[in-house]
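This report walks through selected local features of one model.

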Amino acid sequence: MNARSSKSLILMLALAAAITSAFAIALSAFAQGYGGLGTAADGFDVPSAESRMEFPRDHGAHPGFRIEWWYLTANLTGEDGRQYGAQWTLFRSALQPPGERANPGENAWNAQQLWMGHAAVTTPTKHYLSETRSRGAFDLAGAQAVPFKAWINDWSMTASATGSAGIDQLAVTASGTEFAYQLNLTAQGPLIFHGEKGYSVKSAGGQASHYYSQPFYQVQGELDLPGGKVRVTGTAWIDREWSSQPLAQDQHGWDWVSLNFDNGSKLMGFRLRQSNGADFTSATWIASDGTAISIPDGQLKLTEQATSQGAGREVPTKWKIQLVEQGIDVSIEALNNNAWMDTSFPYWEGPVVISGSHSGTGYLEMTGYGAK
């Protein structure tokens with residue numbers, strides 16, 4: 001090995017050690033409730049009901065807040081006639097509040113942002129997943145507003161066309177040991193702001209996040225799976241959210257859905273499970289023309305209908321979902337019951353099929369279900 005190769009290897013090992021050490025620190029904090037999202041936000045920026053989103057600025061990162069994510073889920077149909085799901089997620093987590101950070105100009109290793117990516121492809125019989133991590137140094141991971149790009153290592157979500165507020169076209173890539181994909185997204189409708197103009201309340205105590213979505217993407221792309229490459233088409237939904245303490249300390253997990261109905265309407269909804277057995281719910285009803293109605297706590301009903309076991313856990317993979325005023329009375333059922341994300345912070349995430357008063361497809365995410 002020559003000197004240059006030795007120096008490269010030393011740099012790579014040092015970077016890996018720094019990332020591992022930083023994530024170990026973060027993981028110890030995350031033992032307090034799911035993902036540590038209920039811990040106090042002292043020193044960090046907090047969401048405000050008076051704040052208004054601005055674009056393109058808010059497509060980029062918000063380093064003053066403790067936690068943030070860029071989240072893609074896609075319901076796809078292959079040229080082989082099978083249904084598929086795809087997920088792409090970039091998480092940013094700040095190690096320290098802004099006023100306590102070292103000057104990054106002193107040493108690139110002092111970058112105080114941790115980045116983590118999750119990617120998955122779900123088929124009716126298989127669930128492929130991958131996780132990757134990085135510190136926010138040496139341009140290895142990040143998110144910029146103009147031109148929009150979110151990336152970690154060799155995964156990326158990159159704008160190829162931008163409208164007045166939303167991102168009209170996106171190219172998304174990711175890969176793992178058993179899969180890869182390239183998806184091209186085209187927006188067919190507006191951005192949707194959850195809660196009060198993007199201020200999304202998460203508890204009776206007032207915990208909140210800034211939260212918007214782009215649920216109107218059409219998709220064309222290709223999956224590369226162990227059985228070969230498959231051309232796919234379908235729909236995609238992107239969520240953007242940032243906060244510093246989005247959960248109350250007694251909230252230990254959530255059940256979240258994004259539903260695309262065949263008549264063009266859509267529903268985002270979640271319940272946050274509390275240690276006293278009560279729930280806090282919120283939803284956004286989205287008409288086919290993009291008109292959105294915020295649904296307050298207590299109106300959305302999510303009822304478990306069947307559970308499945310996987311990865312040593314039992315999770316509900318069939319649900320009844322009701323929203324009376326909008327005439328929603330549906331069942332959702334997982335395409336694959338074993339869509340468990342066995343990552344640093346384990347959770348279940350996968351595509352669902354909708355039946356009942358409305359038909360369609362969507363995604364289900366469930367967190368905070370412990371091992372049995």
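Ring pairs link Phe 55, Phe 193, Tyr 212 and Trp 242 into a cluster. Rings of Phe, Tyr and Trp (its six-membered ring) pair if their centres lie within 6.5 Å; planes under 30 degrees apart are stacked, over 60 edge-to-face, and the rest tilted. This is a predicted model: local features need pLDDT of at least 70, side-chain atom pairs count only at pLDDT 80 or more, and totals for chains, interfaces and linings use all residues. Residues are numbered from 1 along each chain as its sequence is written, and side-chain values use heavy atoms, with hydrogens and water left out.

**Aromatic pairs**

The whole structure holds 9 aromatic pairs. In one of them, the ring centres of Phe 55 and Tyr 212 are 5.1 Å apart and the planes stand at 85°, so the pair is edge-to-face. Phe 55 sits in the loop between α1 and β1, and Tyr 212 in strand β12, so the pair ties together parts 157 residues apart in sequence. Helices (H or I, at least four residues) and strands (E, at least two) are DSSP runs, numbered from the N terminus. Phe 55 is partly exposed, at 21% relative accessible area. Tyr 212 is buried, at 3%. Buried means under 20% relative accessible area, exposed over 50%, and partly exposed in between (1.4 Å probe, protein chains only).

The rings of Phe 179 and Tyr 181 have centres 6.2 Å apart and planes at 25°, so this pair is stacked. Both Phe 179 and Tyr 181 are buried.

**Charges over rings**

A charge sits over a ring if NZ of Lys or CZ of Arg is within 6 Å of the ring centre and within 35 degrees of the ring normal.

| Charged residue | Ring | Distance from ring centre |
|---|---|---|
| Lys 149 | Trp 151 | 5.4 Å |
| Arg 273 | Tyr 369 | 4.1 Å |

**Backbone**

Most residues other than glycine have a negative phi, and most peptide bonds are trans. Which peptide bond has omega near -20°? The bond from Val 146 to Pro 147 does, and it is cis. Pro 147 lies in the loop between β5 (141–144) and β6 (149–152). Another cis peptide bond joins Phe 55 and Pro 56, with omega about 15°. Pro 56 is in the loop between α1 (3–29) and β1 (67–78).

Positive phi values also turn up. Asn 153 is not a glycine, yet its phi is about 50°. Its place is the loop between β6 and β7 (155–162). Asn 153 is partly exposed, at 36% relative accessibility. Lys 197 has phi near 55°. This residue lies in the loop between β10 (192–193) and β11 (199–201). Lys 197 is exposed, at 51%.

Ser 209 belongs to strand β12 (residues 208–225). Is it buried or exposed? Ser 209 is buried, with a relative accessible area of 0%. Its side chain makes a polar contact of 2.6 Å with that of Glu 241. A polar contact is a pair of N or O atoms within 3.5 Å; within protein, one must be able to donate a hydrogen and the other to accept it, and residues adjacent in sequence count only if both atoms are side-chain atoms. Beyond four places in sequence, the contacts of Ser 209 (heavy atoms within 4.5 Å) include Pro 47, Tyr 199 and Trp 242.

Ile 328 is in strand β20 (residues 328–334). Ile 328 is buried, at 2%. Leaving out residues up to four places away, Ile 328 touches several residues, among them Phe 261, Trp 285 and His 358.
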